[in-house]
Each structure stands twice: as structure tokens, then as C-alpha cells.
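Please open the model in your viewer and keep the selection tool at hand. The stops below can be taken in order.

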Amino acid sequence: MGEDTATAGIDVALEKHRTELTGYCYRMLGSSFEAEDAVQDTLVRAWRGHEGFEGRSSLRSWLYRIATNVCLDMLAAGSKRARPMDLTDATPLARAALSPRPDHTWLEPVPDARVLPAVADPAEAAVAKESIRLAFMAALQQLPPRQRAVLILREVLAWRASEVAELLDTSVASVNSALQRARATLAERAAAGGAGEVSDPLDEEQQKLLERYVKAFEGYDMAALTALLHEDAVMTMPPFDLWLRGPADITGFMSTIGASCAASQLVPVRANGLPAFAHYKPDPDSGGFSPWAVQVLELSEGRITGFHCFLDTRRWFPLFGLPLHLEAESDGGEERE
């Protein structure tokens, strides 16, 4: 009985760290599903090795050491998750073609709740949200794996250089050097733009912008949508490598190749610390609405600067806890299964 109680206690102690570890592994790997696999592997290794853990460091530090090693092993193949604009130039609407690439190519979205643990400090919460936004995540993927780990541990999780050096079995000087190089890379990416400015929580102007967006999109009003898009707004649609720049090409695409999305329904969700929506489009076969995309929006200067549609709904909707069908509106109101 005592052994069972001790085992249960270990399970509870390990499980308390799942969300923050998932956030760490997601930043390292750029994939929601690989992050969950990495955390599961971490917790299994910790459970198996707990008898040999002598408390020389905190349980949390020990778990991060294991998780870091798991992630570095997974990144040894050298693949980098990316967004379409990291791989190709923008395509003019006249030459738009939907060419898919394998799942492992793409930076993946993630529900906030899976990677952002509850914290009491608003400043700490804001840093955590900023560090999972798509632009920051894309920049992280450009860093070598160990630099990536150093930057996340130092800048996002606020570990001391000595703690990071101990975790990585290296020197403080090496950690500081890696951090300096990582910061320089991120500064270059930030200078290129595209990060957006999203208040936490959303300010009144941003809330109104989203309300206007939902009305314009569900009404498929291209004139109204054009007024909401920044002149340099980009639209991406993984797993397709096509991406479009500017309101004319974006709305032109939506009213031609994407015309079947007229009369869609949007359901708000939270993804990557950004406003997002589950996009359901009309289902002519069974009635109601079927999943089409998870949309993640980037905002800046009162306009939408990024319109990112993740189309693999078979994977994304269950991850976000979203239903796979919406009933059409009836006299009794809209019923959602």
C-alpha cells in the first residue's frame, strides 16, 4: 500500500509540470504533436528514473534537463519547421496553385491552454504568450537547437545563466555567447517585420476589429474585408506552400478558388497567444457546416497583417476540442454538436 501511495505521489508531482513542459517542447520543436510526444517521453523517463534522482537539483530542473535532451535528439535530423513565406516568394493571384508539402514541413498551431500554465504575474503571462506567437516561433526555428534551448530558458523562462550551463553541461561563458548569437538572429528577423502587435488582453480597438472581421468573413463581403487588411497583409494555407500578399490578391483568391467558403461560420478559439477562429464552411451533402480551417490572425496598427489558415482539420479540430460538425441554424437557435 505504501509503495502504491508513493507511486501515485510521483505521478501527481510529474503531472503538475506537463503544461509548462509542453510549452517548452513546443517552442523547441515547432510542432504541437511532437511536443506532446516529447513530454510523454520525458515523463516516462522521469518516472522510470525517479529512484535514482537524489534531489541534487529541483524536480523541475531535472525534468527540463530530460526534456531538453529529448528535444535535442528529435532535432538531430536538422529539419526546421517553417511558414510558407520562409520557403518561397509570394505568388501573384494569376499564378496561384495549391501544392501541398509534407506535414513535417510546417510550423504548427497550438491551443493556448495546452502550453500556457496559469501564472499569477501578468508580466510573466504576457512574455509566455508572446513567445508562442507565430512570428516568434518561426524565428526560433532558424536557431541551431542548443541556441534555441538557451534563448528559451534564459529569455522566456528567466533561468539564470549558471542554471542553464548546468542543465546543458557547459560553461556560463558558452551560455552567454549562445544567447548573444541567438538574440542577434532574432533581432534580424524582427527588423524584417511581420510580428504584429496584439495586446493582452485585446484592447477595445482590437476587439472591434475582430468583430468587424467576423461580420465581413461570415457575410463574405470582400469590400469590408479589404478595409480590414493591412496593405502588406499575408495569407497562408498550410499544408499548401502558396502564400499571398496584399488585400487584392487575398480577396481575389477568396472570391475565386476559395469561393466555396461563402456563408461560413467562425467560432472563436485561442491559438499561439493570438486571436483565432475555427472556420466551418457549408456542407452541401449533409447540411450544416463542416470543419475547414483553424484561422490564426496577426494584428498591427488597427489592421489584420496575417491571416493564417491551417487546413488539416482532421488533426487540428480534435486538438482544439472542436466539434467536427455544426448544425445549421434553426428556429430554436444554432445547435452545435
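What follows is a tour from the whole chain down to single residues.

**Before selecting anything**

This is a predicted model, in which local features need pLDDT of at least 70, side-chain atom pairs count only at pLDDT 80 or more, and totals for chains, interfaces and linings use all residues. Residues are numbered from 1 along each chain as its sequence is written, and side-chain values use heavy atoms, with hydrogens and water left out.

**The whole chain**

Colour the chain by pLDDT, the predictor's confidence in each residue, from 0 to 100. The average is 91, and 92% of the residues score at least 70. Now select residues 331-337, where pLDDT stays under 50. For that stretch the model has twelve contacts beyond four places in sequence; a contact means heavy atoms within 4.5 Å.

Switch to a cartoon. The chain has 15 helices and eight strands. These are DSSP runs numbered from the N terminus, with helices being H or I of at least four residues and strands being E of at least two.

How much of the chain counts as buried? The share is 48% of the 337 residues. Buried means under 20% relative accessible area, exposed over 50%, and partly exposed in between (1.4 Å probe, protein chains only). Of the contacts between residues at least 6 apart in sequence, 64% join residues at least 24 apart.

Then colour the charges: the mean positions of the 33 positive and 48 negative ones are 6 Å apart. Lys and Arg count as positive and Asp and Glu as negative, while His and the chain ends are not counted. Each charge is placed at NZ of Lys, CZ of Arg, CG of Asp or CD of Glu.

**Stop 1: A46**

Select helix α3 (residues 32-49) and find A46 in it. A46 is buried, with a relative accessible area of 0%. Beyond its neighbours within four places in sequence, A46 is in contact with L14, W62, L63 and I66. Draw a C-alpha to C-alpha distance from A46 to A67: the two are 21 residues apart in sequence and 9.6 Å apart in space.

**Stop 2: R83**

Go to the loop between α4 (59-74) and α5 (84-87), where R83 lies. Is R83 buried or exposed? R83 is buried, at a relative accessible area of 12%. Leaving aside neighbours within four places in sequence, its contacts include W106, L107, R189, E298 and H308. A94 is eleven residues from R83 along the chain, yet their C-alpha atoms are separated by 22 Å.

**Stop 3: V115**

V115 is in helix α6 (residues 112-115) and is buried, with a relative accessible area of 1%. Not counting residues up to four places away in sequence, V115 touches T19, T22, G23, Y26, V110 and I132.

**Stop 4: the P238 to P239 bond**

Select P239 in the loop between β1 (229-237) and β2 (240-245). The peptide bond from P238 to P239 is cis, with omega near 20°.

**Stop 5: two positive phi angles**

Which loop holds A263? A263 is in the loop between α14 (247-254) and β3 (265-271). Its phi is positive, about 65°, although A263 is not a glycine. A263 is partly exposed, with a relative accessible area of 43%.

Next select E301, in the loop between β5 (289-300) and β6 (303-310). E301 is not a glycine either, and has a positive phi of about 55°. E301 is exposed, with a relative accessible area of 62%.

**Stop 6: G306**

Finish in strand β6, where G306 is placed. G306 is buried, with a relative accessible area of 0%. Not counting residues up to four places away in sequence, G306 touches V234, V296, L297 and E298.
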